[in-house]
Amino acid sequence: MADTSIEWTDATWNPVAGCTVISPGCTNCYAMRMAARLDAMGVKKYRGLTRKSGKRAVWTGKVRLDREALGIPARWKKPRRIFVNSMSDLFHEAVPREFVAAVWDSMRATPQHTFQILTKRPDRMAEITASLYVLPNVWLGTSVENSDYLGRIDDLRRVNACVRFISFEPLLGSVAGANLTGIHWAIVGGESGPRSRPMSEEWVGEIEAACRKVKTAFFFKQWGGVRKKSTGRHYRGRTFDEMPRSVALPVETVTSAV
């Protein structure tokens, strides 16, 4: 686990490493660059997870489970918001159901933390979590980069969670007409880093309007670009750091479908 500069969380925790490119939002994924760097530094966990394609690193599709990492959240006594698997996808096809259940056990044992899990595979998230506890300290979300992937929101709505959220980052196109019913939080951000693609202010406005329509919390993360610090994170002259409110029952009152 490590502290992070990601605006909507406090720390990252990676019990899984490695992934597969499945949609345009993956093209310039920062995790691929980071994994390649860690591999070059001799970190065994990231060995062979990326390969060179031209001048950039891309995922090989290999996924590595880190069982030793399962105990890390228990070492942190101070409450934190924790982004789970910033370097992978917990619901990748190569991650066994049993390992997802072990991650759930770790989160259930550390109710002082809030865990935020993002996936580009919300259909598998819905399938697997149907047999797991609904934990009040676990938020479940999916990434949507343009209108071609709005179906992921429908899959996320099938997920039983105290908080469901969407990361519209990197936002690569209009998602006008997105139905955010049943979604508690929306994060919006432009792509950053080398070869970053631009984001239109009109697209941001469409998402904010969709949020206001159904009272979904709206968080504007960044404009992005090659030098994201210079473009900042002000939208309409201010910052938007809205956070969702948990709607779950206490964990002891929630039954498992197992």
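I began with Arg195, which lies in the loop between β11 and α5 (201–214).

**Basis.** I worked on a predicted model, in which local features need pLDDT of at least 70 and side-chain atom pairs count only at pLDDT 80 or more, while totals for chains, interfaces and linings use all residues. Residues are numbered from 1 along each chain as its sequence is written, and side-chain values use heavy atoms, with hydrogens and water left out.

**Entry 1: positive phi.** I noted that most residues other than glycine have a negative phi, and that most peptide bonds are trans. Arg195 is not a glycine, yet its phi is positive, at about 60°. The classes I use are buried (under 20% relative accessible area), exposed (over 50%) and partly exposed (in between), with a 1.4 Å probe and protein chains only.

I then turned to Lys215, another residue other than glycine with a positive phi, here near 65°. Lys215 is placed in the loop between α5 and β12 (217–222). Its relative accessible area is 79%, so Lys215 is exposed.

**Entry 2: a cis peptide bond.** I recorded a cis peptide bond between Glu169 and Pro170, with omega about -5°. Pro170 belongs to the loop between β10 (163–168) and β11 (185–189).

Gly177 also lies in the loop between β10 and β11. I found it exposed, with a relative accessible area of 75%. From Gly177 to Ala210 I read 7.6 Å, C-alpha to C-alpha, across 33 residues in sequence.

**Entry 3: helices α2 and α3.** Two packed helices are described by the angle between their axes and the distance between the axes. For α2 (residues 97–108) and α3 (residues 122–129), I read axes that come within 11 Å and cross at roughly 75°. Axes are lines fitted to C-alpha atoms, for helices over the stretch in contact, and angles run from 0 to 180 degrees between N-to-C directions. I therefore class α2 and α3 as roughly perpendicular to each other. The scheme takes angles under 35 degrees as roughly parallel, over 145 as roughly antiparallel, 65 to 115 as roughly perpendicular and the rest as oblique.

Which residues of α2 and α3 make the contact? From α2 I listed Arg97, Val100 and Trp104, and from α3 Arg124, Glu127, Ile128 and Thr129. Contact means heavy atoms within 4.5 Å. By class, the contact of α2 with α3 has three nonpolar, one polar and three charged residues. Nonpolar covers Ala, Val, Leu, Ile, Met, Phe, Trp, Tyr, Cys and Pro; charged covers Asp, Glu, Lys and Arg; polar covers the others, Gly among them.

Arg108 is also in helix α2. Its relative accessibility is 37%, so I count Arg108 as partly exposed.

Entry 4: I located Ala74 in the loop between β6 (64–65) and β7 (81–84). It is partly exposed, at 40% relative accessibility. Its C-alpha atom is separated by 8.7 Å from that of Met107, 33 residues apart along the chain.

Asp155 is in helix α4 (residues 151–157) and is partly exposed, with a relative accessible area of 22%. Leaving aside residues up to four places away in sequence, I found that Asp155 touches Pro122, Asp123 and Ala126. Asp155 and Glu208 are 53 residues apart along the chain, and their C-alpha atoms are separated by 21 Å.

**Entry 5: the whole chain.** I counted six helices and 12 strands in the chain. The radius of gyration is 18 Å, close to the 18 Å that the globule rule gives for 258 residues, so the chain is as compact as a globular protein of that length. The radius is taken over C-alpha atoms, and the rule is 2.2 Å times the number of residues to the power 0.38. The C-alpha trace spans about 45 × 45 × 35 Å along its principal axes.

Of the 258 residues, 52% count as buried. Among contacts between residues at least 6 apart in sequence, 70% join residues at least 24 apart. The chain exposes about 12000 Å², of which carbon and sulfur atoms supply 51%. Accessible areas come from the Shrake-Rupley method with a 1.4 Å probe; for residues, only the protein chains shown count as cover.

Definitions and conventions:
Helices (H or I, at least four residues) and strands (E, at least two) are DSSP runs, numbered from the N terminus.
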